[in-house]
Amino acid sequence: MTHYVHAGTAIDLEAANRSTSTYLVNKRLDMLPSLLTTDLCSLKGNVDRYAFSVLWEVTPEAEILNVEFQKTIIHSIAALTYQQAQTMIDQPDDPNDIQSNAVKRLASLARKFRKRRIDAGALTLASPEVKFVLDSESLNPTDVQAYALLEANAVVEEFMLLANVTVSKKILRHFPTLSVLRRHPAPNRAMFDSLISKAKSKDLDINIDDSKRLADSLDAAVVESDPYVNKLLRILSTRCMSPAQYFCSGEFRPMEWHHYGLAAPVYTHFTSPIRRYADVCVHRLLAAAVGVAPLPPHLSSKSYLHDLCANMNRRHRAAQLAGRASVQLHTLIFFAGDGAKEEQAYILDVETAEGVEPSFTVIVPRYGIEGRVKLPIASDDSHLQRLPDQHKIIYAHGSSEVSLQVFDRVQVRIWVRQVQDHQRELVLDLVDERFDRKQKGEDTNQGPRPKKMKSR
């Protein structure tokens, strides 16, 4: 990519300012012109493309014998979808099928590289990401689906991680105080207090002494009757982490370069210069390190690199927030147009403080939605029992008793309520016949039953 974008040109300065591409549900806001991002700098079947390549010589046991960094021309013989690649991985061995055997070998190496990372303490976390199916004309969402990650996805990820680690070591050897790296600080232990307490309420133990112990304890934190609880723990663990940051190597001591989540002493971004400016900088540092191009003068300034990394961190965070806001907007549009739906949800947090309105937070795996569910009872109701240590509330009324605890499964109704003329909000209600019966004889202050609303 840096073959086309030269340092200090107008296009380079604009890319540095944007720092990243922003991904919304219905569009992508590119860091660079689409001619580069979708055509000239993207691999296509049976088309030559310029590349900056990391070449490893490895044994079948994934032992790296040698590594080279070269400006290359790639002629890809096929453009595969992840599903097509997965089919090659899964099909029976055929010594005459050269393409499938090549993909199988890559998958075999990726498994060994991944095991090595996990053994070193790399974390396997999770997020409740979903994808929208959009109408081809209106671009309004017509369906919401969970991401299906295949082993083929992991193969690509593993070699990208390996390339990033390998390049970070190379540029550091040549530019020990000028390298653009990515660090992930160890999390503040206090951030895990709530998660540890919630896990303990289900007789699960989370150990955060280091990333290896955290990874092992997450692997062991399994509820046989409900495997999704383990994913919930990984989602919540992700939220206890500090954000990863770009930085200039000369600004921190080597012990602070560590990437906690990947258990890597050094790490950088190299593999996606079409969408991240950090990768553009790293390409230029690597080119200078291998002697194919001089280092641009501004990359020799620590103060410039400090400002550059600070801007990249700000822009990366802004892009994340914009992406999440886009998901929230399209979720609202989807439910406004499709009416109320009932779905299974899991409790993430229970409000157990005295004098506070009884409620709990849920996540709906089917739609990746999180929201607060208010109970149709008063905060001072004598039938309500709060158990903070167990992250649990119990409501006993007459002959029935409702117990709600963190990680429990519940049924919720999702609908859209119009707040003002041009404002709407997503509402989640608990679907439980025991509460429905109570409402018939009591004023519970619950809002109206949901009605199907048409989007405007």
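A charge sits over a ring if NZ of Lys or CZ of Arg is within 6 Å of the ring centre and within 35 degrees of the ring normal. Arginine 182 meets this over the face of tyrosine 246, at 4.5 Å from the ring centre. Arginine 183 lies over the face of phenylalanine 252, at 4.2 Å from the ring centre.

This is a predicted model: local features need pLDDT of at least 70, side-chain atom pairs count only at pLDDT 80 or more, and totals for chains, interfaces and linings use all residues. Residues are numbered from 1 along each chain as its sequence is written, and side-chain values use heavy atoms, with hydrogens and water left out.

Now take ring against ring. Rings of Phe, Tyr and Trp (its six-membered ring) pair if their centres lie within 6.5 Å; planes under 30 degrees apart count as stacked, over 60 as edge-to-face and the rest as tilted. The structure holds nine aromatic pairs. One of them joins phenylalanine 335 and tyrosine 367, edge-to-face, at 5.0 Å centre to centre with 75° between the planes. This pair links distant parts of the chain, 32 residues apart. Phenylalanine 335 belongs to helix H10 (residues 302-338), while tyrosine 367 sits in the loop between strand S10 (359-364) and strand S11 (369-374). Helices (H or I, at least four residues) and strands (E, at least two) are DSSP runs, numbered from the N terminus.

Phenylalanine 335 is buried, at 2%. Tyrosine 367 is buried too, at 4%. Elsewhere, Trp56, Phe113 and Phe159 form one aromatic cluster.

Next, the strands. Two strands pair if DSSP finds at least two bridges between them. Strand S3 (residues 48-58) and strand S4 (residues 64-75) are antiparallel, with eleven bridges. Glutamate 57 has asparagine 66 in S4 as its bridge partner. Five residues lie between the strands of this hairpin, and alanine 62 takes a positive phi near 70°.

S12 and strand S13 (residues 392-397) are joined by four bridges. Arginine 386 stands opposite isoleucine 393 in S13. In a regular strand, side chains alternate between the two faces of the sheet.

Technical notes: Buried means under 20% relative accessible area, exposed over 50%, partly exposed in between (1.4 Å probe, protein chains only).
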